[in-house]
Amino acid sequence: MSVGLGLPIGDPAQLLSWARRAEATPFSTVALLDRLVFGNPEPLITLATLAGATSRIRLQTEVLLAPLHRTALLAKQAATLDLLSGSRFTLGIGIGGREDDYLAAGVDLRTRGRRLDTQMATMRRLWSGEPLSADVGPIGPAPARPGGPEVLFGGFVPAVMERVARWGDGFLGAALPPRQMGGLFRQVEDAWDRAGRTGRPRLLAQVNVALGPKPTLDRARAQVRAYYAPHSFADHVANGLLTTGAQIREAVATCREVGADEVMLYCWAPDPGQVERLAAAVFHDA
């Protein structure tokens, strides 16, 4: 099982250092979340910058709120990032649920699921080299990975499992304890089989982490609360932050037991030294 690293959003200027340092560790992936009405860096632009600063580590959105984006442009951006990174890009997609993000984008929150399904049909066509419509031709460039970059869907409702089976390559689960995540993994596998897909979906789990003294952890929890506000579970997520090497190793082991192919350690503390501390906790500590 691979272990990836979610990048913090508290200090975007440090992210180049994070990516370069992660490249020197066994971490498999660096990932970046998405919001519109928030202080996080735009994920596709940021990951493109990180792609140029690295050569091995994979790059992932975790997750991009695709309905906020124009479909043809998103297809072009994702294909370009996949091409220029040497097929190191994974497009993790979700729909979110914050009204302010949708108001800012001028998109109807109530139709976001249907919009995403339409977007995926269009992007899969474009990534395969087909024209956009009868009046508009193909939109390149062709991605490095035939058929487009790897696509993972995140979420909790049955529609997400069906979306994985119809359009995706796998599932990304977050905000649940690893044991509960195993139940979602089985639902994804069942939907995959019902759809007659060959092979198996790739299964990823995310846990929220930070290491360091109390001021560092307090700042990390404050960042979690700010990101998830005003949802009622903001405190629950913040209080569930894993803050010791033992907790993190136990979560990684449990994710492995329930069938995860990769576990993402999403770090909420912005200091780049977290990279080596987390790597030591997972890969080196007894």
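This is a predicted model: local features need pLDDT of at least 70, side-chain atom pairs count only at pLDDT 80 or more; totals for chains, interfaces and linings use all residues.
At what angle do helix H1 (residues 15-23) and helix H2 (residues 43-52) pack, and how far apart are their axes? Helix H1 and helix H2 pack at an angle of about 50°, and their axes are 10 Å apart. H1 and H2 are therefore oblique to each other, and their crossing is right-handed. Now show the side chains at this crossing, where Leu15, Leu16 and Ala19 of H1 make the contact with Thr46, Thr49 and Leu50 of H2. If you colour these residues by class, the contact of H1 with H2 shows four nonpolar and two polar residues, and no charged ones.

Select next Glu62 and Val63, and look at the peptide bond that joins them, which is cis, with omega near -5°. Val63 is part of strand S3, and you will meet Val63 again as one of the residues that lie nearest the centre of the largest pocket.

Move on to Ser87, which you will find in the loop between helix H3 (71-84) and strand S4. The backbone of Ser87 has a phi near 65°, which is a positive value in a residue other than glycine.

Then select Gly140 and Pro141, which are joined by a cis peptide bond with omega of about 5°. Pro141 is placed in the loop between H5 and S5.

**The largest pocket**

Which residues lie nearest the centre of the largest pocket? Select Val63, Gly96, Gly155, Phe156 and Tyr228, for these lie nearest the centre of a pocket that is lined by 32 residues. The space in this largest pocket comes to about 850 Å³. To see where the lining comes from, highlight strand S3 (58-65), strand S4 (89-94), helix H5 (112-127), strand S5 (150-154), helix H6, helix H8 (214-228) and helix H9 (234-239), each of which supplies at least two residues of it. Strand S3 gives the largest share of this lining, with three residues. Coloured by class, the lining of the largest pocket divides into 19 nonpolar, eight polar and five charged residues.

**From H6 to H7**

Select helix H6 (residues 158-167) together with helix H7 (residues 178-194), whose axes come within 8 Å and cross at roughly 45°. That angle makes H6 oblique to H7, and the crossing of the two is right-handed. The contact of H6 with H7 has seven nonpolar residues, one polar residue and two charged residues.

**The second largest pocket**

For the last stop, what lines the second largest pocket? Select Ala175, Leu176, Pro177, Pro178, Gln206, Val207, Asn208, His236, Val237, Gly240, Leu242 and Ala251, which together form its lining. Strand S7 (202-209) and helix H9 are the elements that give two or more residues to this lining, and the largest share, three residues, comes from S7. The volume of the second largest pocket is about 280 Å³. By class, its lining has eight nonpolar and four polar residues, with no charged residues.

Technical notes. Residues are numbered from 1 along each chain as its sequence is written. Side-chain values use heavy atoms; hydrogens and water are left out. Axes are lines fitted to C-alpha atoms, for helices over the stretch in contact, and angles run from 0 to 180 degrees between N-to-C directions. Helices (H or I, at least four residues) and strands (E, at least two) are DSSP runs, numbered from the N terminus. Angles under 35 degrees count as roughly parallel, over 145 as roughly antiparallel, 65 to 115 as roughly perpendicular and the rest as oblique. A crossing is left-handed if the near helix is turned anticlockwise from the far one by less than a right angle, and right-handed if clockwise. Ala, Val, Leu, Ile, Met, Phe, Trp, Tyr, Cys and Pro count as nonpolar, Asp, Glu, Lys and Arg as charged, and the others, Gly among them, as polar. On a 1 Å grid over the protein atoms alone, a cavity is a set of points where a 1.4 Å probe fits but cannot get out, and a pocket is an open set with protein on both sides within 12 Å along at least five of seven lines; lining residues have an atom within 4 Å of a point. Grid points are joined across faces, edges and corners, and a volume is the space filled by probe spheres set on the points. Contact means heavy atoms within 4.5 Å.
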